[in-house]
Amino acid sequence: MNYWPLLGVAWVVVGFVLRANPVIVVVSAGLVSGLAAGKSMPELLALLGDSFVSNRALLMFAMTLPTIGLLERAGLREHALQWIARWRGLTLARLLIVYLAARQGLSSLGLIDIAGHAQTVRPLLAPMSESAANRTPGVQALGALPREEIQRVHALAAATDNVGRFFGEDVFLAFGAVLLIQGFYAEHGITLEPLQIALWAIPTAVAAFVIHAVRIVFFQRGLARRMTAAADRVERSDAVD
């Protein structure tokens, strides 16, 4: 057995340790492994070209990042904050629970990539959550949120997207995980239809929605308590001075 092609693995490890450009590291590692396997440079270039053409659809996500960057430069986040400011009575809990329901519902219909961290959380949901948190009762009169609390709000927004997608996609019949479960049971002599698996995923999805919605409400209450306690400490410190 020829072990020389494994040099590509070592090349990747060294490249990542040195924090080199990941694209250059991976492509060059493929060339190293190919040359070590006895392939010529024209053959390797042809193989790379064929692989790119056959899997070009997987690179569509790469267009998301520059598109979102251009939208943010044009003021997308500022417009999102202004839009949220027009909604009276909108709190952090209401915003995230509505988003959770929409994300989970769309994922259960197979529309998984219609939202996500790059598409919605980073440019829209995170700043909207921050604005809604500042207007939440118990927080609104205490001024802007500190950076630590802002990071917690952003993390909760990202977690809401994760929960909505993860527990919604299993309800969709043609999702890969459903077919994987079906294949696993088939290997052990248990025949299940995708519809049966999807139906049994519904109670789990409902439970996940309720549990995370409760978490969001408790987070909002905890945020109000932390902000109130911080304001009290500042007042006592000013009184002592």
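Student: Does F166 count as buried, partly exposed or exposed, and what is its relative accessibility?
Tutor: First, the background: this is a predicted model, where local features need pLDDT of at least 70, side-chain atom pairs count only at pLDDT 80 or more, and totals for chains, interfaces and linings use all residues. Residues are numbered from 1 along each chain as its sequence is written, and side-chain values use heavy atoms, with hydrogens and water left out. Now the idea: buried means under 20% relative accessible area, exposed over 50%, and partly exposed in between (1.4 Å probe, protein chains only). F166 has 49% relative accessibility, so it counts as partly exposed. F167 is partly exposed too, with a relative accessible area of 27%.

Student: How do I read a pair of aromatic rings?
Tutor: You describe such a pair by the distance of the centres and the angle of the planes. Rings of Phe, Tyr and Trp (its six-membered ring) pair if their centres lie within 6.5 Å; planes under 30 degrees apart are stacked, over 60 edge-to-face, and the rest tilted. That rule gives 1 aromatic pair here. The ring centres of F166 and F167 are 5.0 Å apart and the planes stand at 80°, so this pair is edge-to-face.

Student: How many helices and strands does the chain have?
Tutor: Helices (H or I, at least four residues) and strands (E, at least two) are DSSP runs, numbered from the N terminus. This chain has 10 helices and 0 strands.

Student: Which residues touch the most other members of the largest nonpolar core?
Tutor: A nonpolar core is a set of buried Ala, Val, Leu, Ile, Met, Phe, Trp, Tyr and Cys residues joined through side-chain atoms within 4.5 Å. In the largest one, with 23 residues, L96, L125, L145 and V153 touch the most other members. Two or more core residues come from each of α6 (92-108), α7 (117-134), α8 (147-169) and α10 (194-240). Across the chain's 241 residues, 30% count as buried.

Student: What about charged side chains?
Tutor: Opposite charges can pair when their charged atoms come close. A salt bridge is a side-chain nitrogen of Lys or Arg within 4 Å of a carboxyl oxygen of Asp or Glu. The whole structure has 5 salt bridges. In one of them, D161 meets R103 at 2.9 Å, N to O. That pair links distant parts of the chain, with D161 in helix α8 and R103 in helix α6, 58 residues apart. D161 is buried, at 2% relative accessible area, and R103 is buried as well, at 3%.

Student: Where do E149 and R152 lie?
Tutor: Both are in helix α8, 3 residues apart, about one turn of the helix. E149 is buried at 6% relative accessibility, whereas R152 is partly exposed at 33%.
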